[in-house]
Amino acid sequence: MHQYSNGGGMDYDKADCLKLLPKMVVHFDETSLANIVSMAKITNHYRVTIYSSVDDSIFVHVDDETLRFKRCGDGIYYIDLSLYGKDKSRTTVTDYSRGCYFLSTVKANKEYYTRTETD
């Protein structure tokens with residue numbers, strides 16, 4: 001399977017059941033930092049609830065457990081696996097819900113060029 005995004009394309013040549021959502025078969029790349037799953041495919045197998053007026057999260061009900069996918073940044077939802085004892089990295093997820101802004105000034109950038117290049 002080939003996927004396109006604003007960051008370019010990526011090939012997924014492996015498929016297996018997702019440990020977190022065992023009824024779903026997903027395509028994945030072992031070198032990728034994240035997996036992308038379809039809301040439509042999740043709802044084919046699991047009950048999903050969203051209470052946007054209370055909490056901007058998506059709740060997926062898996063057997064006797066409810067998984068919480070929090071919204072961050074530009075409408076992307078993620079799950080912090082460390083809350084469920086299912087992460088392997090034991091690192092926390094950075095919350096980018098307030099956005100990231102990178103600012104540089106012309107004056108600061110001039111130090112990387114010669115006077116001839118900036119005049």
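Which residues line the second largest pocket? In this predicted model, the lining is made up of Met1, Gln3, Tyr12, Met24, Val25, Val26, His27, Ile36, Val37, Ser38 and Lys41. The volume of the second largest pocket is about 250 Å³. Strand 4 (residues 25-28) contributes the most to this lining, with three residues. By residue class, the lining comprises seven nonpolar, three polar and one charged.

Salt bridges were examined next. Side chains of opposite charge can pair when their charged atoms come close. The count of salt bridges in the model is two. In one, the side chain of Asp55 meets that of Arg68, with an N to O distance of 3.0 Å. This pair links distant parts of the chain, 13 residues apart: Asp55 belongs to the loop between strand 5 (47-50) and strand 6 (57-62), while Arg68 belongs to strand 7 (residues 65-72). Asp55 has a relative accessibility of 22% and therefore counts as partly exposed. Arg68 is also partly exposed, at 31% relative accessibility.

A salt bridge also joins Asp56 to Arg71, where the closest N and O atoms are 3.3 Å apart. The relative accessible area of Asp56 is 34%, which makes Asp56 partly exposed. Arg71 counts as partly exposed as well, with a relative accessibility of 37%.

Cys72 is likewise placed in strand 7. With a relative accessible area of 14%, Cys72 is buried, because the cut-off for a buried residue is under 20%. Between Cys72 and Asp56 the C-alpha to C-alpha distance is 9.2 Å, at a separation of 16 residues in sequence. Cys17, by contrast, is partly exposed, with 44% relative accessibility.

The cysteines were also considered for covalent pairing. A disulfide is a covalent bond between the sulfur atoms of two cysteines. A search of the whole structure returned zero disulfides.

Terms used: Residues are numbered from 1 along each chain as its sequence is written. This is a predicted model: local features need pLDDT of at least 70, side-chain atom pairs count only at pLDDT 80 or more; totals for chains, interfaces and linings use all residues. Side-chain values use heavy atoms; hydrogens and water are left out. A salt bridge is a side-chain nitrogen of Lys or Arg within 4 Å of a carboxyl oxygen of Asp or Glu. Helices (H or I, at least four residues) and strands (E, at least two) are DSSP runs, numbered from the N terminus. Buried means under 20% relative accessible area, exposed over 50%, partly exposed in between (1.4 Å probe, protein chains only). A disulfide is a pair of cysteine sulfur atoms within 2.5 Å. On a 1 Å grid over the protein atoms alone, a cavity is a set of points where a 1.4 Å probe fits but cannot get out, and a pocket is an open set with protein on both sides within 12 Å along at least five of seven lines; lining residues have an atom within 4 Å of a point. Grid points are joined across faces, edges and corners, and a volume is the space filled by probe spheres set on the points. Ala, Val, Leu, Ile, Met, Phe, Trp, Tyr, Cys and Pro count as nonpolar, Asp, Glu, Lys and Arg as charged, and the others, Gly among them, as polar.
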